[in-house]
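Hi,

Here is the structure I promised to pass on. Have a look at it first, and then read on for what turned up.

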Amino acid sequence: MDYNQLAVNLLDAKSLVASVGAIGILAIIFAETGLLVGFFFPGDSLLILAGVAASSAADKVLGEGARLPAAILFVGAPICAIAGAQLGHAFGVKVGPRLFEKPESKIFRREFVVKAEEYFDKFGPAKAVVMARFIPVVRTFLNPVAGTLGMPARKFFVWNVVGGVLWTESMLMIGYFFGDAMAPVIDKYLLPAMAFIILLSISPIIIEVIRERKKKKAGAEAEQPGEPVGGGRHRKG
C-alpha cells in the first residue's frame with residue numbers, strides 16, 4: 001500500500017477538495033481568514049476548484065463521485081469567510097496590542113502594525129479590508145491588525161461582508177461556470193492562472209511600494225549635495 005496516497009497535501013487545493021468535501025472546505029475558509037495559523041492554506045485555488053467540483057465538470061477533474069453541493073458552497077463560503085474575519089478582528093481588539101508589542105515575537109511583530117497603518121492610510125480602511133481578501137497571507141493577518149489599530153467593529157463588519165462575498169463568490173463562479181473549459185488543462189494551467197490572479201490582486205500594492213521607494217530614493221539624493229557644504233565646492237568667501 002502506498003501510504004502517501006492516504007495523506008492530504010494541505011498545500012494542494014486539488015487534494016484538499018477531493019479529500020475533505022464541502023464541510024471541510026468551509027472549515028478551511030474559516031481557518032484561513034480567522035485563525036492566524038491558517039495563512040498557508042491555498043484559499044483562492046481551493047475556492048476555484050470547489051466551484052469546479054460543484055459543476056458538471058466535477059467527475060472529469062476530480063474523479064467519480066467528487067461532485068459537491070453547489071448551494072452549500074455558495075451560501076456557506078461567504079458566511080465562513082465573514083465569520084472568520086470577524087473572529088480575527090475581535091482577536092486583534094482584545095489581545096492584538098499585547099501580542100504585537102512583544103519584541104521577541106516571531107509572528108506578531110510590531111512591523112506588521114506599522115505596515116498595516118501605511119496600508120490603511122494609502123487605501124483607506126474600507127478598501128484595505130476588501131482588497132486584502134484577494135491577497136494570500138494578507139487576508140489572514142489584516143483582520144487582527146485592523147482590530148489592533150482600532151477600526152470600528154461596525155465599519156469593519158460592513159466592509160468585511162463586501163470583501164467576503166466578492167472574494168468567495170467570484171472564485172467559486174470562475175470554477176463553476178468555466179469548469180468544463182478548464183477540465184482538460186486544469187492540472188497544467190491552474191497554478192499559472194492562480195499566480196496571475198494573485199499578481200493582478202496585489203498590483204496596486206506593488207505600484208505603491210515602487211512609488212514609495214522612488215520617493216525615498218529621490219529624497220536621499222536631494223539631501224546628499226547639501227552635506228559637503230563648507231568642505232570644498234560650495235565654500236563661502
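Please keep in mind that the model is predicted. Is Thr33 buried or exposed? Its relative accessible area is 0%, and because buried means under 20%, Thr33 counts as buried.

Which residues does Thr33 touch once its neighbours within four places in sequence are set aside? The contacts are Cys80, Ala81, Gly84 and Ala85, then Arg133, Arg139, Thr140 and Asn143, and also Trp167.

Searching the whole structure for cavities of 30 Å³ or more turns up one. The largest cavity holds about 40 Å³ of space. Its lining is made up of Ala85, Val129, Ala132, Arg133, Arg139, Leu142, Asn143, Phe156 and Asn160. Ala85, Arg133, Arg139 and Asn143 are therefore both in contact with Thr33 and part of the lining of the largest cavity.

Which helices supply at least two residues each to that lining? They are H6 (125-132), H7 (138-148) and H8. The largest share comes from H7, with three residues.

Together with Phe157, Val158, Trp159 and Val162, Leu166 makes a nonpolar surface patch of about 410 Å².

Finally, a few totals for the protein chain:

- The chain has nine helices and zero strands, so the order of elements from the N terminus is α-α-α-α-α-α-α-α-α.
- Of its 237 residues, 42% are buried.
- Among contacts with a separation of 6 or more, 75% are between residues 24 or more positions apart.
- The accessible surface is about 13500 Å², and carbon and sulfur atoms account for 65% of that area.

That is what I have for now. Happy browsing!

Best wishes

Note on methods. Residues are numbered from 1 along each chain as its sequence is written. This is a predicted model: local features need pLDDT of at least 70, side-chain atom pairs count only at pLDDT 80 or more; totals for chains, interfaces and linings use all residues. Side-chain values use heavy atoms; hydrogens and water are left out. Patches are made of residues with over 30% relative accessible area and no salt bridge: like charges are joined within 9 Å, nonpolar side chains (Val, Leu, Ile, Met, Phe, Trp, Tyr) within 5 Å. Accessible areas come from the Shrake-Rupley method with a 1.4 Å probe; for residues, only the protein chains shown count as cover. A salt bridge is a side-chain nitrogen of Lys or Arg within 4 Å of a carboxyl oxygen of Asp or Glu. Buried means under 20% relative accessible area, exposed over 50%, partly exposed in between (1.4 Å probe, protein chains only). Contact means heavy atoms within 4.5 Å. On a 1 Å grid over the protein atoms alone, a cavity is a set of points where a 1.4 Å probe fits but cannot get out, and a pocket is an open set with protein on both sides within 12 Å along at least five of seven lines; lining residues have an atom within 4 Å of a point. Grid points are joined across faces, edges and corners, and a volume is the space filled by probe spheres set on the points. Helices (H or I, at least four residues) and strands (E, at least two) are DSSP runs, numbered from the N terminus.
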